[in-house]
Amino acid sequence: MEEDLIGMREMSGIFEITDSMGIHREQVTVPLAKEDPGSVKKLPTGELEIVVPRTAPLEPWLEGLRAELLRLGFRPMTEE
């Protein structure tokens, strides 16, 4: 049952990606329960809802998360 809930490893991976794109953590909603197939969507409030999949391996899913955020128009922050 514990594998059905997200943990620090998943949250750390999500925040590493969203932080690198300048997305404020208060704008990110991540339900505690994992749910297949997982999803990323922009809510009417402007927040991002990120649902972690229950059965997909974490690392490939995180790369897919990065790609999906790029598709939604977010871009990596650049150092000046």
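## Helix packing

In this predicted model, helix H1 (residues 8-20) packs with helix H2 (residues 58-71) at an angle of about 30°, and their axes lie 10 Å apart. Angles under 35 degrees count as roughly parallel, so H1 is roughly parallel to H2. The two helices, H1 and H2, cross in the right-handed sense.

On the H1 side, the residues in the contact are Arg9, Glu10, Gly13, Ile14, Ile17, Thr18 and Ser20. Their counterparts in H2 are Leu58, Glu59, Trp61, Leu62, Leu65, Arg66 and Leu69. Sorted by class, the contact of H1 with H2 comprises seven nonpolar, three polar and four charged residues.

Strand S2 covers residues 39-42 and strand S3 covers residues 48-51; the two pair in the antiparallel sense, over four bridges. Lys41 has Glu49 in S3 as its bridge partner.

Five residues separate the strands of the hairpin formed by S2 and S3. In this hairpin, Gly46 adopts a positive phi near 95°.

## Overall architecture

The chain contains two helices and three strands. Read from the N terminus, the order of its elements is α-β-β-β-α. The chain has a radius of gyration of 12 Å, close to the 12 Å given by the globule rule for 80 residues, so it is as compact as a globular protein of that length.

The C-alpha trace of the chain spans about 45 × 25 × 20 Å along its principal axes.

Conventions. Residues numbered from 1 in each chain as written. Predicted model: local features only at pLDDT ≥ 70, side-chain atom pairs only at ≥ 80, totals over all residues. Heavy atoms only, no water. Pairing = 2+ DSSP bridges. Axes fitted to C-alpha atoms, helices over the stretch in contact; angles between N-to-C directions. Parallel < 35°, antiparallel > 145°, perpendicular 65-115°, else oblique. Left-handed = near helix turned anticlockwise from the far one by under 90°. Contact = heavy atoms within 4.5 Å. Nonpolar A, V, L, I, M, F, W, Y, C, P; charged D, E, K, R; others polar. Rg over C-alpha atoms; globule rule 2.2 N^0.38 Å.
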